[in-house]
Amino acid sequence: MHIDIQSRPFSLTESLYEYSDQRIRSAVTRFEDHIQRISMWLSDINGPKGGRDKHCRLQIVLAGDTDVVIEDTQADLHVAINRAVERAARSLKRKLDRRQSRIHRTPTGVFDSSPSV
């Protein structure tokens with residue numbers, strides 16, 4: 001599973017990279033057969049002014065389906081990462097559950113016309 005993590009306008013420290021990577025992997029590992037790529041963008045919207053301006057955008061590219069894209073903005077970047085990753089995992093699970101139920105659903109009104117023995 002390829003994970004790309006970028007930050008702007010600040011430098012991505014090794015500890016922040018490792019934290020983000022670990023959070024993503026722990027949340028979506030069970031779905032990795034369906035995931036082609038994950039991209040995370042971290043930003044500080046207001047710069048040194050502070051406030052609720054730490055932004056995390058997460059895009060999960062799936063094989064044969066639309067992407068899951070989640071964004072979250074918080075005062076603390078770690079909280080924004082956690083919330084975005086948790087919401088993305090829930091969205092991914094719902095999407096894959098719906099896909100699975102469509103595959104296993106039998107068409108309504110169709111009966112087996114073969115003679116029983």
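Modeller: This is a predicted model. The accessible surface of the protein chain is about 7,600 Å², and carbon and sulfur atoms hold 50% of that surface.

Biologist: How many of the residues are buried, as a percentage?

Modeller: Of the 117 residues in the protein chain, 37% are buried. The label requires a relative accessible area under 20%.

Biologist: What is the order of the elements from the N terminus on?

Modeller: The protein chain runs β-α-β-β-β-α, with 2 helices and 4 strands.

Biologist: Why is R90 called partly exposed?

Modeller: The relative accessible area of R90 is 47%. Buried means under 20% and exposed means over 50%, so R90, at 47%, falls in between and is partly exposed. R90 is found in helix α2, residues 77-104.

Biologist: What makes R90, R94, R98 and R102 a positive surface patch?

Modeller: Arg counts as positive. Patch residues must have over 30% relative accessible area and no salt bridge, with like charges joined within 9 Å. R90, at 47%, is over the 30% cut-off, so R90 passes that part of the test. The patch is formed by R90, R94, R98 and R102.

Biologist: Which peptide bond is cis, and where is P9 found?

Modeller: The cis peptide bond joins R8 and P9, with omega at about 0°. P9 is found in the loop between β1 (2-8) and α1 (14-28).

Biologist: What share of the contacts with a separation of 6 or more comes from residues 24 or more positions apart?

Modeller: Such residues account for 50% of those contacts in the protein chain.

Methods. Residues numbered from 1 in each chain as written. Predicted model: local features only at pLDDT ≥ 70, side-chain atom pairs only at ≥ 80, totals over all residues. Heavy atoms only, no water. Patch = residues over 30% accessible without salt bridge, like charges linked within 9 Å, V, L, I, M, F, W, Y side chains within 5 Å. Areas by Shrake-Rupley, 256 points an atom, 1.4 Å probe, with all protein chains shown as cover. Salt bridge = Lys/Arg side-chain N within 4 Å of Asp/Glu carboxyl O. Charge placed at Lys NZ, Arg CZ, Asp CG, Glu CD. Buried < 20%, exposed > 50% of the residue type's maximum accessible area, 1.4 Å probe, protein only. Contact = heavy atoms within 4.5 Å.
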